[in-house]
Amino acid sequence: SYSSKHKEFWYPEYSGSTVYVFNEDYQQTGSFTSGNTHMMGMWVEPDGTYYTAHWNQGVVRKWQEKSNNQIWEYSVGGDGAGVCTDGTYVYAMRNSSNTVFKLNRATGAAVETFTLPNIGGTLYGGLLCIPGRLYYGNAGGAVNYYDLATKQLVGNFNSSSGISNMSFDGQ
């Protein structure tokens, strides 16, 4: 995930609790310990707080900036496989499921649960949000993108390799 505050990319180590930090030139500059293991997905807010999706634990969590101080937790059941925010809400998904959990960013309370069409393949952190859009990239490299207002498929494309996490730096 990309931290606009620190101008860094943060990548969780599965199945440990370490988050590796890389600069904008993709050079590793350090690491920090999150509050739990089995992080499959991560998303960083502009203020530095961050979200993690946890495989084998069935939850997504929000943490204080570069720390292991948990702010909230929400159960998605099954393997927590992806989490992102569009700046208004948090979106979380389980592995190989078309169910999306729309959450309040501040409290983690459920706002809505909905399903998306044409979800396929294993999700290993390949969830990405921008205002109005949600991208689902599976381990086989296929990416579907959806309109969050209509909850319908807008399009798709293939990446050059399988996807095990996705980031967006706002560019």
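Does Y135 count as buried or exposed, and at what relative accessibility? At 18% relative accessibility, Y135 counts as buried, where buried means under 20% relative accessible area, exposed means over 50%, and partly exposed lies in between (1.4 Å probe, protein chains only). The model is predicted, so local features need pLDDT of at least 70 and side-chain atom pairs count only at pLDDT 80 or more, while totals for chains, interfaces and linings use all residues. Rings of Phe, Tyr and Trp (its six-membered ring) pair if their centres lie within 6.5 Å; planes under 30 degrees apart count as stacked, over 60 as edge-to-face and the rest as tilted. By this rule there are 12 aromatic pairs. In one of them, the ring centres of F32 and Y50 lie 5.6 Å apart with the planes at 75°, so this pair is edge-to-face. F32 belongs to strand β4 and Y50 to strand β6 (residues 50–54), 18 residues apart, so the pair links distant parts of the chain; strands (E, at least two residues) are DSSP runs, numbered from the N terminus. F32 and Y50 are both buried. For Y135 and Y145, the ring centres are 5.2 Å apart and the planes are at 20°, so the pair is stacked. Here Y135 lies in strand β14 (residues 133–137) and Y145 in strand β15, 10 residues apart. Y145 is partly exposed, with a relative accessible area of 22%. Ring pairs also join W10, F32, Y50 and W63 into a cluster.

Charges meet rings as well. A charge sits over a ring if NZ of Lys or CZ of Arg is within 6 Å of the ring centre and within 35 degrees of the ring normal. The charged end of K102 is placed over the ring of Y89, 4.3 Å from its centre, and K151 lies over the face of F114, at 4.8 Å from the ring centre. K151 is buried, with a relative accessible area of 18%, and has a positive phi of about 60° although it is not a glycine. The loop between β15 (142–147) and β16 (152–158) holds K151. H38, in the loop between β4 (28–33) and β5 (39–44), has a positive phi near 60° too. A cis peptide bond, with omega about 15°, joins Y14 and S15.

Turning to the interior, a nonpolar core is a set of buried Ala, Val, Leu, Ile, Met, Phe, Trp, Tyr and Cys residues joined through side-chain atoms within 4.5 Å. The largest has 33 residues, of which V60, W72, Y74, C84, Y91, L103 and L134 touch the most other members. Strand β10 (residues 89–94) gives the largest share of this core, four residues. Beyond its neighbours within four places in sequence, L134 is in contact (heavy atoms within 4.5 Å) with residues including C84, Y91, L116 and Y145.

Strands β13-β14-β15-β16 form, in that order, an open sheet of four strands with antiparallel pairing; two strands pair if DSSP finds at least two bridges between them. At the edges are β13 (127–130) and β16, each pairing on one side only. Four bridges join the antiparallel strands β13 and β14, and the bridge partner of I130 in β14 is R133.

Definitions and conventions
Residues numbered from 1 in each chain as written. Heavy atoms only, no water.
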